[in-house]
Amino acid sequence: MLKRFSFLFVLMMVFSCKDNGNYHGGYYWIYSYGYPRIDFHDAAEGISEKWKIRYHSVSGCMIDKKLMDSVDAENKKTYAAIGKKYGKDWRKKYNKDIDGFMMRKVDVMDVLITNKLFRNELQKYYIAIDNVDKEVKELNDDAYKVVVYNEKLKAENKECFTVNVNTKDRTVNLIR
C-alpha cells in the first residue's frame, strides 16, 4: 500500500511539473528513496538557501524498480535544470559545499558562543549555552541564519529566536 502511494505521489509530481521541471517555490526538488543519510540531509538543508535545492523522500527502504526508475527520470530532468543555472560542474561545487558545511557550522557556533547578544537571548529562554538546539542555514559565503529552539517548551511552536551570523565580520544580528 505504501509503495503504491509513493509511486502515485511521484507520478502526480511528474505530470504536475512537466512545464517547469521540479522547480517549486523557488527551489529545485530532488527526490530520494532508500535509507536516509542523516548527515548528508542535514548539510543539504543547511545549504538549501544558497543553492535553492531541496530534497524530498518519496519512499523509505522498501522500494521497487518501477519507483526507482520514475524517481531517477525526474531527478535527471532536475539535474539538467540545475546544470543550466549553475554550470556543468555544479555537482562538484555542491558536494564541496556539503562537505564543508559541518565545519562552517562549527564556525557559526564559535561566533555565537562569544557574542553577548546571543548569550542574553539564550538566558531569556532558559537555554544553557552547552545545550543549544539550533538550525543553521547558509545564506551566502559568510552569512548564516540560525533559528534557536527550546524543546522543553510545551507550546507547539518551540522556536525561540532567530539571528543572522556573519562569520567573516564575527557579527550577530537579532531578527526576532
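Q: What share of the 176 residues in the protein chain is buried?
A: Buried residues make up 36% of them, where buried means under 20% relative accessible area, exposed over 50% and partly exposed in between, with a 1.4 Å probe and protein chains only. This is a predicted model, in which local features need pLDDT of at least 70, side-chain atom pairs count only at pLDDT 80 or more, and totals for chains, interfaces and linings use all residues. Residues are numbered from 1 along each chain as its sequence is written, and side-chain values use heavy atoms, leaving out hydrogens and water.

Q: Why does Asn150 count as buried?
A: Its relative accessibility is 9%, and the cut-off is under 20%, so Asn150 counts as buried.

Q: Which residues does Asn150 touch, not counting those up to four places away in sequence?
A: Asn150 touches Tyr125, Tyr126, Ile127, Lys158 and Cys160; contact means heavy atoms within 4.5 Å.

Q: What makes the pair of Asn150 and Tyr125 a polar contact?
A: A polar atom of the Asn150 side chain lies 2.9 Å from the backbone oxygen of Tyr125. The definition asks for a pair of N or O atoms within 3.5 Å, one able to donate a hydrogen and the other to accept it; residues adjacent in sequence count only if both atoms are side-chain atoms.

Q: Why is helix H2 called roughly perpendicular to helix H5?
A: H2 (residues 38-46) and H5 (residues 90-113) pack at an angle of about 105°. Angles of 65 to 115 degrees count as roughly perpendicular, so H2 is roughly perpendicular to H5.

Methods: Axes are lines fitted to C-alpha atoms, for helices over the stretch in contact, and angles run from 0 to 180 degrees between N-to-C directions. Helices (H or I, at least four residues) and strands (E, at least two) are DSSP runs, numbered from the N terminus. Angles under 35 degrees count as roughly parallel, over 145 as roughly antiparallel, 65 to 115 as roughly perpendicular and the rest as oblique.
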